[in-house]
Amino acid sequence: MQNEEIKAAILRGDAATVAQGVKENLEAGQEPGHILNEALVPPMVEVGDLYEKGEVYVPEMLVAAHAMKAGMEILRPELVKAGVEPLGKVALGTVQGDIHDIGKNLVGMMLEGAGFEVLDLGIDIPPDKFVEAVETGVDIVGMSGLLTTTIPAMPVVLQSLEAAGLRDKVKVMVGGAPVTEAFMQEIGADGYAPDAASAVRVAKNLLG
């Protein structure tokens, strides 16, 4: 299957065609890294750009991300076998006391679509779990919070990383409805993303 067809299938949210296309192209001898960079990453970049221009909305991003994920499920083991290095490793979690995960999940799918390795910690994550993730070796920690009552957990995570002597070993991104650029600066995080599309750009900038 042409990579253009896979790209078009991602944009229309056709997960079955994406999975089939990735499988066919691997069987035809295409390099896993080539499939990633030519078929899976470009449509996710395009969706992100369209979202930032206000031409598509969260539902369209979600269907594209789900379709891309179907291709990644097949491609990921092959990328590992081929020794294709991810852009970086990101641990994502919704902070303690908060069980919202749609935003976090979308950020994870967009990052994966851009070539990052994503470790999804889940929801209601206490500070020590973020610390453990950094100990296993991640480049970025992403914290999400959707409630004004739960975002005070974010500086606690930063303090825990500091106490463990790990703060300078990792970049920390924050996001979620009540989070702002000013809040990010106030608590001493490294990056703030108002939405999933900009999260990819912020992550790339942080790893520079």
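This is a predicted model: local features need pLDDT of at least 70, side-chain atom pairs count only at pLDDT 80 or more; totals for chains, interfaces and linings use all residues.
The largest nonpolar core holds 40 residues, and a second, separate core holds 26 residues.

- Strand E1 is mostly covered, since 6 of its 7 residues are buried.
- Serine 144, which has its place in strand E3, is counted as buried because its relative accessible area is 15%, under the 20% cut-off.
- Leaving aside residues up to four places away in sequence, serine 144 touches Gly93, Thr94, Val95, Lys104, Met154 and Gly175.

**The largest nonpolar core**

- Among the 40 residues of this core, Ile10, Val18, Leu40, Leu111 and Met173 are those that touch the most other members.
- At least two residues of this core are supplied by each of H1, helix H2 (15–27), H3, helix H4 (58–81), strand E1 (89–95), helix H5 (102–113) and helix H9 (196–207), with H4 giving the most, at 8 residues.
- Leucine 40 touches Ile6, Ile10, Val18, Val22, Ile35, Met68, Gly71, Met72, Leu75 and Gly113, when residues up to four places away in sequence are not counted.
- As a general background, nonpolar side chains tend to be buried together in soluble globular proteins.

**The crossing of H1 and H3**

- The axes of helix H1 (residues 3–11) and helix H3 (residues 32–52) come within 9 Å and cross at roughly 35 degrees, and the crossing is right-handed.
- On the H1 side the contact is made by Asn3, Ile6, Lys7, Ile10 and Leu11, while on the H3 side it is made by His34, Glu38, Ala39, Leu40, Pro42, Pro43, Met44, Glu46 and Val47.
- Sorted by class, the residues in the contact of H1 with H3 are 9 nonpolar, 2 polar and 3 charged.

- In helix H7 (residues 153–163), the buried residues are Ala153, Met154, Pro155, Val157, Leu158 and Leu161, and what covers them includes E1, helix H6 (127–137), strand E3 (140–144), strand E4 (171–175) and helix H8 (181–187).
- Alanine 153, which lies in helix H7, counts as buried because its relative accessibility of 16% is under 20%.
- With residues up to four places away in sequence left out, alanine 153 touches Val95 and Gln96.
- Alanine 153 and leucine 206 are separated by 53 residues in sequence and, from C-alpha to C-alpha, by 22 Å in space.
- Just after H7, glycine 165 takes a positive phi of about 75 degrees.

Definitions and conventions:
Residues are numbered from 1 along each chain as its sequence is written. Side-chain values use heavy atoms; hydrogens and water are left out. Axes are lines fitted to C-alpha atoms, for helices over the stretch in contact, and angles run from 0 to 180 degrees between N-to-C directions. Helices (H or I, at least four residues) and strands (E, at least two) are DSSP runs, numbered from the N terminus. A crossing is left-handed if the near helix is turned anticlockwise from the far one by less than a right angle, and right-handed if clockwise. Contact means heavy atoms within 4.5 Å. Ala, Val, Leu, Ile, Met, Phe, Trp, Tyr, Cys and Pro count as nonpolar, Asp, Glu, Lys and Arg as charged, and the others, Gly among them, as polar. A nonpolar core is a set of buried Ala, Val, Leu, Ile, Met, Phe, Trp, Tyr and Cys residues joined through side-chain atoms within 4.5 Å. Buried means under 20% relative accessible area, exposed over 50%, partly exposed in between (1.4 Å probe, protein chains only).
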